Amino acid sequence: MKEEKLYKEGLEDYPIGCVIGQNILFLAYFGIGFMGMLPLRIHGFPIISVLYALFLIIMLLLVLRKHLCAHCYYYGKLCSTGWGKLSVLMFGENSGNYQLGVKLAGVTWILVTAIPIVGIILALVLEYSPSNLTFLILFILLTPVNFVSHRKACEKCKMRFICPASMARVAKIME
């Protein structure tokens with residue numbers, strides 16, 4: 001199948017409402033994880049939450065944008081997160097290592113999901129708090145919402161048949 005044919009289906013640009021909604025979901029999801037781990041302090045400093053936030057910024061806004069977005073059809077365009085537009089401001093087209101980006105994306109998403117769950121449970125064990133229990137429940141409830149949202153975005157993506165990280169491609173294989 002020729003590459004041009006692969007790109008015929010899918011959205012040329014995602015609606016701005018989709019982009020805003022996806023980023024609000026990310027802010028809520030990661031914010032809940034951050035807040036839930038705040039009780040884990042060393043000498044009064046919320047080290048785990050701060051390291052988590054730094055990891056998010058470095059991986060999601062820098063490293064993955066260079067290694068994934070710089071190789072994407074949506075580079076410089078409005079993808080479901082808007083990161084295609086962001087990446088063009090920071091990195092040249094095809095400037096990163098796509099295969100490395102795919103591997104790093106998998107590891108990153110596992111960590112940004114697992115660290116808050118483990119961290120909030122640890123905070124609850126060390127000192128029970130109704131607010132931390134609420135953070136844990138909300139984070140766990142938002143986890144499938146995040147993945148379903150990602151899958152829905154992938155289903156409309158022009159790269160869904162060739163992107164190794166496409167949740168639409170994975171769902172099709174599993175059918």
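Which residue does E12 meet in a salt bridge at 3.6 Å, N to O? I looked it up in this predicted model, and the partner is K158.

**Salt bridges**

I searched the whole structure and got 4 salt bridges. I started with the E12–K158 pair, which joins distant parts of the chain: E12 is in the loop between helix 1 and helix 2, K158 in the loop between helix 6 and helix 7, 146 residues apart. K158 comes out buried, at 6% relative accessibility, while E12 is partly exposed at 38%.

E12 also has a salt bridge to K77, with N to O at 3.0 Å. I placed K77 in the loop between helix 3 and helix 4, 65 residues from E12. At 24% relative accessibility, K77 is partly exposed. I noted E12, K77 and K158 down as a network of salt bridges.

Next I checked R160, which pairs with E9; their closest N and O atoms are 2.8 Å apart. R160 is buried, with a relative accessible area of 10%, whereas E9 is partly exposed at 46%.

**Cysteines**

How many disulfides does the structure hold? I got 0. For C79, the closest cysteine sulfur is in C69 at 5.9 Å, which is too far for a bond. My cut-off for a disulfide is sulfur atoms within 2.5 Å. C154 is in no disulfide either, and its nearest cysteine sulfur, in C157, is 6.3 Å away. I have both C79, at 12% relative accessibility, and C154, at 11%, down as buried.

**Helix 4**

I went through helix 4, residues 83-90, and found W83, G84 and S87 buried. Seen down the helix axis, the buried residues fall within an arc of 100°, so they line one face. I then asked what covers them, and the cover includes helix 2 (16-36) and helix 3 (47-67).

**Two single residues**

Setting aside neighbours within four places in sequence, I have F34 in contact with S49, V50, Y52 and A53.

Last, I looked at T143 in helix 6 (residues 130-155). T143 is buried at 13% relative accessible area. Not counting residues up to four places away in sequence, T143 touches Y29 and T113.

Conventions:
Residues numbered from 1 in each chain as written. Predicted model: local features only at pLDDT ≥ 70, side-chain atom pairs only at ≥ 80, totals over all residues. Heavy atoms only, no water. Buried < 20%, exposed > 50% of the residue type's maximum accessible area, 1.4 Å probe, protein only. Helix = DSSP H or I, 4+ residues; strand = E, 2+ residues; numbered from the N terminus. Arc of directions from axis to C-beta. Contact = heavy atoms within 4.5 Å. Salt bridge = Lys/Arg side-chain N within 4 Å of Asp/Glu carboxyl O.
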